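Here is a short briefing on one protein chain. Keep the structure open while you read, and find each residue as it comes up.

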Amino acid sequence: MTAKAAPQPAINKPSAPWWRVLRDGGWPDLSRVRVYAAMVLTAYLPMLAVVFAQATGQVGSDFLAFWGAGHLTVGGHPAQVYDLAAEQAAQALTGTGQLVAFVNPPPFLFATLPLGLLPYGVAWIAFALGGWAIWYAVARKLAPPHLTLAVLAFPGAYLAASHAQTGFITGVLLIGGVIALPRRPWLSGALLGALVIKPHLALLVPVWLLAGRQWRALASAAMAAIGLCLAALLAFGWQTWAAWPQAFAVSKVLMAQGPSAFWLRMCTPYAALHQHGGPLVAMVGQAALTLLAAALSALAWRRSRDPQATGAVMLAATALGSPYLFSYDLPFLIQPLCWLATQARVNGWRAWEKPLLVLLWLAPLATRAAALPLGVNLMPLAAAGLLWLVWTRLDHPQHRSVRSAVDG
């Protein structure tokens with residue numbers, strides 16, 4: 001008989017150290033991404049319930065300004081939306097006892113008009129959750145199927161919903177404008193031109209379109225902006241446009257504050273510099289960064305002719321180059337985040353890129369939560385990091401288009 005060899009004990013290979021797993025993109029894998037996104041979405045439910053109770057209770061909400069403006073417009077008094085006494089009387093109907101000034105230009109009244117037909121609480125839910133659904137319907141086109149849950153759970157979207165603010169509207173316009181540019185430049189321009197409702201978010205759009213020689217989109221954007229203004233003039237009267245400058249006085253009071261929580265809630269370099277260095281330092285520093293952001297938005301076309309790639313640069317740069325942004329304005333950042341993820345899927349993850357992308361995904365909510373305790377809003381650093389990651393991914397002609405990654 002031949003003797004059988006004794007079975008060899010199993011040898012467990014030592015697992016790679018945690019830092020190497022992070023560096024090489026081993027964490028998180030796709031199954032963990034789905035689980036983490038589902039956990040975050042579940043956590044949003046009680047958080048939104050608390051916020052809704054506060055919004056309809058004594059704390060109030062930014063949404064008061066929109067509902068009050070809608071109520072006055074439905075009542076046939078659109079010019080009074082900029083009158084603080086009239087707004088206070090309208091908002092008093094909610095029982096919150098709070099006042100939030102309406103400062104958006106008259107074309108935004110087209111968005112607030114339907115809200116005035118609903119009770120305040122119902123309008124809050126419709127605006128916050130309806131806006132989230134519409135934004136998601138557009139934003140999910142940016143990502144492959146296995147990342148759509150992470151898109152839905154984007155913390156920047158939660159912030160727009162919890163404030164019942166304009167971030168979903170402007171996010172749809174910015175993201176939709178970038179997505180539509182290659183095949184539907186007229187639609188792209190119309191969406192981007194509609195940002196006349198919040199023009200400081202479109203600061204880099206003309207530079208981006210001009211540098212890319214996107215003449216049809218540029219013409220369409222101009223026509224959309226002018227058309228919306230004329231439509232507002234016809235619908236709401238010249239008195240409403242004449243009353244709009246009253247809102248500037250409110251903004252002037254806010255911007256004249258010294259170091260305060262107001263500046264910590266803003267997420268721009270201007271706000272951080274104003275809080276810690278004063279208005280002159282803030283103005284000079286923000287001007288330099290805005291010029292840099294504009295230059296990168298233009299130069300991106302020299303490194304890539306893909307509008308999704310250059311659009312990712314422009315949108316990431318917007319978070320750094322615009323002087324007046326709040327955390328609820330940031331749902332548009334899902335586009336550069338998704339662009340980075342799909343590029344990595346095609347060309348491989350760079351060292352430390354995946355954990356950095358996770359941190360940037362979390363950044364809108366994390367920096368907002370930490371701003372008051374730390375005494376500084378770190379979102380400008382996150383925006384700079386996102387812009388750097390996108391810019392260094394632009395390796396034309398080697399880099400591939402996002403569309404090939406999504407479609408593949």
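Helices here are DSSP runs of H or I with at least four residues, numbered from the N terminus. By that count, T342 is found in helix 19, residues 334-347. The model is predicted.

**Helix 17 and helix 18**

- Helix 17 spans residues 279-303, and helix 18 spans residues 307-321.
- Their axes come within 9 Å and cross at roughly 180 degrees.
- Angles over 145 degrees count as roughly antiparallel. Helix 17 and helix 18 are therefore roughly antiparallel to each other.
- On the helix 17 side, the contact is made by Q286, L289, T290, A293, L296, S297, A300 and W301. On the helix 18 side, the partners are P307, T310, V313, M314, A317, L320 and G321.
- By class, this contact of helix 17 with helix 18 has 10 nonpolar residues, 5 polar residues and no charged residues.
- S297 belongs to helix 17. Is S297 buried or exposed? S297 counts as buried, because its relative accessibility is 0%, and buried means under 20%.
- Beyond four places in sequence, S297 touches L204, W208, V313, M314 and A317.

**Nonpolar cores**

- In soluble globular proteins, nonpolar side chains tend to be buried together.
- The largest nonpolar core in this model has 104 residues. Which of them touch the most other members? They are F63, F102, W132, W135 and I334.
- Helix 6, residues 120-139, gives the most to this core, with 10 residues.
- Take W135 and set aside its neighbours within four places in sequence. W135 is then in contact with V151, F154, A157, F168, G171, V172, I175, P331 and I334.
- Another core lies apart from the largest one and has 8 residues. Among them are F262, W263, M266 and F326.

**Aromatic rings**

- How many aromatic pairs does the structure hold? There are 24.
- W67 lies in helix 3, residues 63-74, and Y120 in helix 6, so the pair ties together parts that are 53 residues apart in sequence.
- Both partners are buried: W67 has a relative accessible area of 5%, and Y120 has a relative accessibility of 7%.
- W67 and Y120 also belong to one aromatic cluster, along with F63, F66, Y82, F102, F108 and F127.

**Positive phi in loops**

- A164 is not a glycine, yet its phi is positive, near 45 degrees.
- A164 sits in the loop between helix 8 (155-163) and helix 9 (167-180). With 0% relative accessibility, A164 counts as buried.
- R213 is not a glycine either, and its phi is positive at about 55 degrees.
- R213 sits in the loop between helix 11 (205-211) and helix 12 (215-236). R213 is exposed, because its relative accessible area is 63%, and exposed means over 50%.

**Back to T342**

- T342 in helix 19 is buried, with a relative accessible area of 0%.
- T342 and L142 are 200 residues apart along the chain.

Terms used. Residues are numbered from 1 along each chain as its sequence is written. This is a predicted model: local features need pLDDT of at least 70, side-chain atom pairs count only at pLDDT 80 or more; totals for chains, interfaces and linings use all residues. Side-chain values use heavy atoms; hydrogens and water are left out. Axes are lines fitted to C-alpha atoms, for helices over the stretch in contact, and angles run from 0 to 180 degrees between N-to-C directions. Helices (H or I, at least four residues) and strands (E, at least two) are DSSP runs, numbered from the N terminus. Angles under 35 degrees count as roughly parallel, over 145 as roughly antiparallel, 65 to 115 as roughly perpendicular and the rest as oblique. Contact means heavy atoms within 4.5 Å. Ala, Val, Leu, Ile, Met, Phe, Trp, Tyr, Cys and Pro count as nonpolar, Asp, Glu, Lys and Arg as charged, and the others, Gly among them, as polar. A nonpolar core is a set of buried Ala, Val, Leu, Ile, Met, Phe, Trp, Tyr and Cys residues joined through side-chain atoms within 4.5 Å. Buried means under 20% relative accessible area, exposed over 50%, partly exposed in between (1.4 Å probe, protein chains only). Rings of Phe, Tyr and Trp (its six-membered ring) pair if their centres lie within 6.5 Å; planes under 30 degrees apart count as stacked, over 60 as edge-to-face and the rest as tilted.
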